[in-house]
Amino acid sequence: MSEDTLPALPDRLSVDPNSPYYDEAVLARNVGVRFKGQDKTNVEEYCVSEGWVRLSVGASKDRHGNPLTIKLQGPVEPYFREG
């Protein structure tokens, strides 16, 4: 694989290292997520086939120290950001 070709984005991806959907190699390539036509910067996890994203809600944490999240339904478009 050359530097010009990017790998395909997975159907489901998470930024939590404890998740089975965590992929450090893909996340290092600067992944962006467009949800309902708007770029989102607070996405914790997404699933394209099921059509949902999990967004972090402010700076609040749960009792385990993980960010509080909300799951929203809608069209999800992951992409690699330029640069």
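Strands β2 and β3 (residues 38–40) pair in the antiparallel sense over 3 bridges. Two strands count as paired if DSSP finds at least two bridges between them. Helices (H or I, at least four residues) and strands (E, at least two) are DSSP runs, numbered from the N terminus. The model is a predicted one, in which local features need pLDDT of at least 70 and side-chain atom pairs count only at pLDDT 80 or more, while totals for chains, interfaces and linings use all residues. Residues are numbered from 1 along each chain as its sequence is written, and side-chain values use heavy atoms, with hydrogens and water left out.

Strand β2 also pairs with strand β7 (residues 76–80), in the antiparallel sense, over 5 bridges. Together, 3 strands form an open sheet in the order β3-β2-β7, with antiparallel pairing. The edge strands are β3 and β7, each of which pairs on one side only. On average, neighbouring strands of this sheet are turned by 35 degrees against each other, direction ignored. For such angles, axes are lines fitted to C-alpha atoms, for helices over the stretch in contact, and angles run from 0 to 180 degrees between N-to-C directions. Strands of a sheet pair through backbone hydrogen bonds, either parallel or antiparallel.

Phe 35 stands opposite Val 76 in β7. Strand β2 (residues 31–35) is largely enclosed by the rest of the structure, because 4 of its 5 residues are buried. Buried means under 20% relative accessible area, exposed means over 50%, and partly exposed lies in between (1.4 Å probe, protein chains only).

Most residues other than glycine have a negative phi, and most peptide bonds are trans. Asn 30 is not a glycine, yet its phi is positive, at about 65 degrees. Asn 30 is found in the loop between α1 and β2. Its relative accessibility is 31%, so Asn 30 counts as partly exposed. Lys 36 lies in the loop between β2 and β3. The hairpin of these strands has 2 residues between them, and Lys 36 there takes a positive phi near 55 degrees. Lys 36 counts as exposed, at 53% relative accessibility.

Strand β5 covers residues 52–61, and strand β6 covers residues 67–73. The two pair in the antiparallel sense over 6 bridges. Val 53 stands opposite Leu 72 in β6. The hairpin has 5 residues between the strands, and Gly 65 takes a positive phi near 90 degrees.

Ser 56 is found in β5 and counts as buried, at 16% relative accessibility. Leaving aside neighbours within four places in sequence, Ser 56 is in contact with Asn 42, Glu 44, Pro 67, Leu 68 and Thr 69. Contact means heavy atoms within 4.5 Å. Leu 68 lies in β6 and is partly exposed, with a relative accessible area of 38%. Leu 68 and Glu 44 are 24 residues apart in sequence, and their C-alpha atoms are 9.8 Å apart in space.

Pro 17 is placed in the loop between β1 (12–14) and α1 (24–27). Pro 17 is exposed, with a relative accessible area of 57%. The C-alpha atoms of Pro 17 and Asp 62 are separated by 16 Å, and the two residues are 45 apart along the chain.

The protein chain as a whole contains 1 helix and 7 strands. Read along the sequence, its pattern is β-α-β-β-β-β-β-β. Its C-alpha atoms fill a box of roughly 45 × 25 × 25 Å, taken along the principal axes. Of its 83 residues, 24% are buried. Among contacts between residues at least 6 apart in sequence, 47% join residues at least 24 apart. The accessible surface comes to about 5700 Å², and 48% of it belongs to carbon and sulfur atoms. Accessible areas come from the Shrake-Rupley method with a 1.4 Å probe; for residues, only the protein chains shown count as cover.
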